[in-house]
Amino acid sequence: MSAPYKKPTVINVFRDGFSQEIDVVTLAIQMGVVKKINEWYLFNDQKLGRGIFNVKEYLASHQSVFETLKHLTRESLQFY
């Protein structure tokens, strides 16, 4: 569902389905938790990767960073 007359943006990765990592990073950018400079994604001045799919792989292999990112994003949304 989305607002009338607007197109929703959803990334569905072939064989993986919907990615929680990509959803969190996309929302974190909107909330200002993650910075995107050109193709690089930065979190606390640490490079997460170049391109959204490299960031997805990084977060999948580094669960502590992903959990911290998810917690900060929820906190900025005031959603616990």
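**Entry 1: H1 against H3.** I began with how H1 passes H3 in this predicted model, and I noted that the crossing is left-handed. I then looked up the two axes, and found that helix H1 (residues 20–31) and helix H3 (residues 63–77) have axes that come within 10 Å and cross at roughly 45 degrees.

Entry 2: On the H1 side of the contact I listed Gln-20, Glu-21, Val-24, Val-25, Leu-27, Ala-28 and Met-31, and on the H3 side I listed Phe-66, Leu-69, Lys-70, Thr-73, Ser-76 and Leu-77. Sorting the residues of this contact by kind, I had 8 nonpolar, 3 polar and 2 charged.

**Entry 3: the sides of H2.** Which residues of helix H2 (residues 52–61) are buried? I found Ile-52, Val-55, Lys-56, Tyr-58 and Leu-59.

**Entry 4: the whole protein.** Stepping back, I recorded 3 helices and 5 strands, and reading along the sequence I wrote the pattern as β-β-α-β-β-β-α-α. Buried residues make up 30% of the 80 residues in the protein. Finally, I looked at contacts between residues at least 6 apart in sequence, and noted that 47% of them join residues at least 24 apart.

Key
Residues numbered from 1 in each chain as written. Predicted model: local features only at pLDDT ≥ 70, side-chain atom pairs only at ≥ 80, totals over all residues. Heavy atoms only, no water. Axes fitted to C-alpha atoms, helices over the stretch in contact; angles between N-to-C directions. Helix = DSSP H or I, 4+ residues; strand = E, 2+ residues; numbered from the N terminus. Left-handed = near helix turned anticlockwise from the far one by under 90°. Contact = heavy atoms within 4.5 Å. Nonpolar A, V, L, I, M, F, W, Y, C, P; charged D, E, K, R; others polar. Buried < 20%, exposed > 50% of the residue type's maximum accessible area, 1.4 Å probe, protein only.
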